[in-house]
Amino acid sequence: MAEDKSNGNDPRWMMALVLIIGLPMIFVWLFLAFLIIKGAIDSEAVLGDIENLLLGLAVLTLPVQKIVDKVMDKWLDKS
């Protein structure tokens, strides 16, 4: 696959930018999921209010899924 550098768009730079922005968001999403699961196991109060916590996790799910999808598309194009 030929790289398109004619208009200044370097695919490697764009992928690096996606990873720089995306990796912290993915780690926050994973950490939040861990905290929700651990809190639900340890505390009845968290388990009773889990709908609001899961809503917060769901809000972060769409951007995280788009980032992972973009990274996987680039990775599969190079294979």
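**Confidence, contacts and surface**

Modeller: In the protein chain, the mean confidence is lowest in helix α3 (residues 50-78), at 85, and highest in α1, at 87. Here pLDDT is the predictor's confidence in each residue, from 0 to 100. This is a predicted model, in which local features need pLDDT of at least 70 and side-chain atom pairs count only at pLDDT 80 or more, while totals for chains, interfaces and linings use all residues. Residues are numbered from 1 along each chain as its sequence is written, and side-chain values use heavy atoms, with hydrogens and water left out.

Colleague: What is the average pLDDT of the protein chain?

Modeller: The average is 82, and 87% of the residues score at least 70.

Colleague: How many helices and strands does the protein chain have?

Modeller: There are 3 helices and 0 strands, and along the sequence the pattern reads α-α-α. Helices (H or I, at least four residues) and strands (E, at least two) are DSSP runs, numbered from the N terminus.

Colleague: What makes aspartate 42 and lysine 38 a salt bridge?

Modeller: The term requires a side-chain nitrogen of Lys or Arg within 4 Å of a carboxyl oxygen of Asp or Glu. The N to O distance between the side chains of lysine 38 and aspartate 42 is 2.9 Å, so the pair meets the definition. A search of the whole structure finds 1 salt bridge. Aspartate 42 and lysine 38 are 4 residues apart in helix α1 (residues 11-42), which means that about one helical turn separates them.

Colleague: Why is aspartate 42 called exposed, and lysine 38 partly exposed?

Modeller: Buried means under 20% relative accessible area, exposed over 50%, and partly exposed in between (1.4 Å probe, protein chains only). Aspartate 42 has 55% and is therefore exposed, whereas lysine 38, at 40%, is partly exposed. Lysine 66, which is found in helix α3, has 51% and is exposed. Of the 79 residues in the protein chain, 15% are buried.

Colleague: Which residues make up the largest nonpolar core?

Modeller: The core consists of Ala33, Ile36, Ala40, Ile50 and Leu57, 5 residues in all. Helices α1 and α3 each supply at least two of its residues, and α1 gives the most, with 3 residues. A nonpolar core is a set of buried Ala, Val, Leu, Ile, Met, Phe, Trp, Tyr and Cys residues joined through side-chain atoms within 4.5 Å. In soluble globular proteins, nonpolar side chains tend to be buried together.

Colleague: Which residues form a nonpolar patch on the surface?

Modeller: The patch is formed by Trp13, Met14, Leu17, Ile20 and Ile21, with about 530 Å² of accessible area together. Patches are made of residues with over 30% relative accessible area and no salt bridge; like charges are joined within 9 Å, and nonpolar side chains (Val, Leu, Ile, Met, Phe, Trp, Tyr) within 5 Å. Methionine 14, in helix α1, has a relative accessible area of 42% and therefore passes the 30% limit. Accessible areas come from the Shrake-Rupley method with a 1.4 Å probe; for residues, only the protein chains shown count as cover. The accessible surface of the protein chain comes to about 6,200 Å², and 71% of this belongs to carbon and sulfur atoms.
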